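Please study the sequence and the three-dimensional structure shown here before reading on. The paragraphs that follow lead through the structure step by step.

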Amino acid sequence: MYVLALHAQGARRQLTVQATAAPEKPAPAYNQWHQPAGKGESFYTGDDGYQYVDNMRVDDVRQQVPDSPFYLYSKRRITNNYMAYKKALEGLDSIIGYAVKANNNMVIMKHLQQLGSGAVLVSGNELKAALAVGFDPT
């Protein structure tokens with residue numbers, strides 16, 4: 001409960017109001033969009049105002065890539081997402097399969113293959129790509 005004192009043209013009036021205060025929430029320990037510069041994961045704005053992907057400034061990467069536009073991926077995010085699926089499926093008879101149709105970037109496919117992923121494919125070209133990076137065809 002709050003008590004407000006109002007003064008209007010020399011007359012004093014007292015008004016009592018009741019309000020429920022919003023609960024104070026502690027600041028989150030982790031904010032995926034704003035993190036310490038060079039110390040975060042995935043894409044974020046560093047505390048220095050620059051955009052980062054993992055520990056690299058996006059502007060630094062952009063200056064080194066001769067072609068534009070280009071795709072920039074977070075290896076940490078891909079790895080952590082894969083590991084989250086793996087953990088969620090522990091104890092179940094399951095296979096994590098990467099949909100080659102979704103993105104046939106050979107570097108990403110190779111990384112996921114090395115993590116233990118299978119490949120989900122529907123065409124001969126997808127099969128060729130999966131075999132080229134080392135997915136097991138059995």
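Tyr 44 and Tyr 52 are both buried, a term for residues with under 20% relative accessible area, whereas exposed residues have over 50% and partly exposed residues fall in between (1.4 Å probe, protein chains only). The ring centres of Tyr 44 and Tyr 52 are 5.4 Å apart and their planes meet at 10°, so this pair is stacked. Rings of Phe, Tyr and Trp (its six-membered ring) pair if their centres lie within 6.5 Å; planes under 30 degrees apart count as stacked, over 60 as edge-to-face and the rest as tilted. The whole structure holds 2 aromatic pairs. In the other, Tyr 71 and Tyr 73 have ring centres 6.2 Å apart and planes at 20°, so this pair is stacked. Here Tyr 71 is exposed, at 71% relative accessibility, while Tyr 73 is partly exposed, at 33%.

The model is a predicted one, in which local features need pLDDT of at least 70 and side-chain atom pairs count only at pLDDT 80 or more, while totals for chains, interfaces and linings use all residues. Residues are numbered from 1 along each chain as its sequence is written, and side-chain values use heavy atoms, with hydrogens and water left out.

The overall plan comes next. The chain contains 4 helices and 8 strands; these are DSSP runs, numbered from the N terminus, with helices (H or I) of at least four residues and strands (E) of at least two. Read from the N terminus, the order of elements is β-β-β-β-β-β-α-α-β-α-β-α. Of the 138 residues in the chain, 22% are buried. The accessible surface of the chain is about 10,800 Å², and 55% of it belongs to carbon and sulfur atoms. Such areas come from the Shrake-Rupley method with a 1.4 Å probe; for residues, only the protein chains shown count as cover.

Two features of the backbone deserve attention. Most residues other than glycine have a negative phi, and most peptide bonds are trans. Asp 54, however, has a positive phi, near 55°. Asp 54 lies in the loop between strand S5 (51-53) and strand S6 (56-57), and at 6% relative accessibility it counts as buried. The peptide bond from Ser 68 to Pro 69 is cis, with omega near 0°. Pro 69 belongs to the loop between helix H1 (58-64) and helix H2 (75-88).

How many salt bridges does the structure hold? There are 3, where a salt bridge is a side-chain nitrogen of Lys or Arg within 4 Å of a carboxyl oxygen of Asp or Glu. Side chains of opposite charge can pair when their charged atoms come close. Arg 57 is partly exposed, at 24% relative accessibility, and Asp 60 is partly exposed, at 33%. The charged end of Arg 57 also sits over the ring of Tyr 50, 3.7 Å from its centre; this description requires NZ of Lys or CZ of Arg to be within 6 Å of the ring centre and within 35 degrees of the ring normal.

Another salt bridge links the side chains of Asp 59 and Arg 62 (3.0 Å, N to O). Asp 59 and Arg 62 both lie in helix H1, 3 residues apart, which is about one turn of the helix. A further salt bridge is formed by Lys 101 and Glu 126 (2.9 Å, N to O). Lys 101 lies in the loop between S7 and helix H3 (106-115) and Glu 126 in helix H4, so this pair ties together parts that are 25 residues apart in sequence. Lys 101 is exposed, with 60% relative accessibility, but Glu 126 is buried, with 9%.

Strand S7 (residues 97-99) includes Gly 97. Gly 97 and Gly 118 are 21 residues apart in sequence, and their C-alpha atoms are 4.3 Å apart in space. Leaving aside neighbours within four places in sequence, Gly 97 is in contact with Ser 117, Gly 118 and Val 120, contact meaning heavy atoms within 4.5 Å.

Finally, Leu 121, Leu 127 and Leu 131 form a nonpolar patch on the surface, with about 220 Å² of accessible area together. Patches are made of residues with over 30% relative accessible area and no salt bridge: like charges are joined within 9 Å, nonpolar side chains (Val, Leu, Ile, Met, Phe, Trp, Tyr) within 5 Å. Leu 131 lies in helix H4 (residues 124-132) and is partly exposed, at 43% relative accessible area.
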